[in-house]
Amino acid sequence: MLTGAVAMGHAAKVFSSTHWFGIPIALLGAVFLAFGTIFQGRGVGAHGTRETSLRTLARRPVWLAGSAMLGAAVLLQLAALRFSPLMVVQPIGAAALVVTALANARGSRQAPGGRQTAAILLSVAGIAAFVAVASASAQDVEISDAHLRTILILLAMAVAAGLLVSARNRSRPNATLSTAAAGVLYGFVATLVKAVIGRLVQGDFAWLSIVGVAGLAVAVVIGARLVQKAHAGGSDELVVAGLTVVDPMTAVGLGIAVLGEADAAPPAAFAGFLAAGAAAVAGVWLLARPAGQRRSAGTGGRTREG
C-alpha cells in the first residue's frame, strides 16, 4: 500500500503541469487525422475507381488536401509527445473515429442511430478513462541505447511483415489486413518519435538516434502505402477504426514493455488500463462493424494499381 502511494506520488511529480499540454494538442491532432483520412478516401475513389497509385493521387486536389491534414496531425502528435508520455498521447488518437463517424453522418444528413450513438459514447468514455489513468500513473523515462536497439529490432520485423502484406495485396487490396499492418508500423513511428525527442532533450543525439530517424521514415512510407491500399478495399470508418485501435495498442505496448513508462504505476492502474482499453476497443469495433459489413456485402469498385 505504501509502495503504491510512493509510486503514484513519484508519477505525479514526473507528470508535471506542463505535461498536461500534450492532451489538448493530441485531441486537435485526432481531428486533423479524421478529416485527413476522409479527404484521402474521397481522393482514392474520386473518378469511379479505387486508385492506389501515389503518382495519380498526387494530381488530385482533394487527396492532397487530405495529405496536408494528415501532415498537420503528425506535427501535432509530435508536439504532444514532447509534453506527454506515449501512453497518454496515443490512445487519444482513437477520438478520430468518433469525429469521422459524426462528420460522415452530417455529410449524409442522417443522424447517428442508437447503436452508433452508444458506440460513440462507449469509445469516448473508454478513451477518457484510459487517458485519465495514464495521466496519473505514466511517466516520461530517460531513453537509453538499449531502448532504441530493442525498438529498432522489433521495427525491422514489423517492416518485413508490412512488405509481405503489401506484396500480397497488390492486385486485390484487403482493407483489414492493410490497415492492421499500417497501424502496427504507425505505432512504431510514434514510439520512435518519442524516443528520438527524448534523446534530443537529453542532449544525447548519437548515431543510434539517426538510425531511429531513418527507421521511422521507412515505416512512414510503407505505412502510407498500406493505408492507400486499405482505402481501395474498405470504407473511411474501417480504415480510421483500424488505425486508431492498432496504432495506440502497439505504441502503448511498446511504452510499457520497452520504455517502461508504467514502471511506477500501481497494480490498480493496470486494471484500469485493461478496463478502459476494452471499452474503447469495443466502441470502436461497434462503430466500424456496420461499415465493414456494408463494404463486404457490396459489389465494390474497380481497383487500379499504378
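Student: How are helix α2 and helix α4 oriented relative to each other?
Tutor: In this predicted model, helix α2 (residues 22-44) packs against helix α4 (residues 61-83) at an angle of about 160°, with the axes 7 Å apart. Angles over 145 degrees count as roughly antiparallel. The relation of α2 to α4 is therefore roughly antiparallel.

Student: Which residues make up the contact of α2 with α4: how many are nonpolar, polar and charged?
Tutor: The crossing of α2 past α4 is left-handed. The residues of this contact divide into 19 nonpolar, 8 polar and 1 charged.

Student: Which side chains meet in a salt bridge?
Tutor: A search of the whole structure finds 1 salt bridge. One partner lies in helix α9 (residues 175-202) and the other in helix α8 (residues 145-168), 54 residues apart, so that distant parts of the chain are linked. With a distance of 2.7 Å from N to O, the side chains that meet are those of Arg-199 and Asp-145.

Student: Is Arg-199 buried or exposed?
Tutor: Residues under 20% relative accessible area count as buried. Asp-145, its salt-bridge partner, has a relative accessible area of 35% and is therefore partly exposed. Arg-199 has a relative accessible area of 1%, so Arg-199 is buried.

Student: Which residue's backbone nitrogen does the side chain of His-147 reach?
Tutor: His-147 is placed in helix α8. At 16% relative accessibility, His-147 counts as buried. At 3.0 Å, the side chain of His-147 reaches the backbone nitrogen of Ser-144.

Terms used. Residues are numbered from 1 along each chain as its sequence is written. This is a predicted model: local features need pLDDT of at least 70, side-chain atom pairs count only at pLDDT 80 or more; totals for chains, interfaces and linings use all residues. Side-chain values use heavy atoms; hydrogens and water are left out. Axes are lines fitted to C-alpha atoms, for helices over the stretch in contact, and angles run from 0 to 180 degrees between N-to-C directions. Helices (H or I, at least four residues) and strands (E, at least two) are DSSP runs, numbered from the N terminus. Angles under 35 degrees count as roughly parallel, over 145 as roughly antiparallel, 65 to 115 as roughly perpendicular and the rest as oblique. A crossing is left-handed if the near helix is turned anticlockwise from the far one by less than a right angle, and right-handed if clockwise. Ala, Val, Leu, Ile, Met, Phe, Trp, Tyr, Cys and Pro count as nonpolar, Asp, Glu, Lys and Arg as charged, and the others, Gly among them, as polar. A salt bridge is a side-chain nitrogen of Lys or Arg within 4 Å of a carboxyl oxygen of Asp or Glu. Buried means under 20% relative accessible area, exposed over 50%, partly exposed in between (1.4 Å probe, protein chains only). A polar contact is a pair of N or O atoms within 3.5 Å; within protein, one must be able to donate a hydrogen and the other to accept it, and residues adjacent in sequence count only if both atoms are side-chain atoms.
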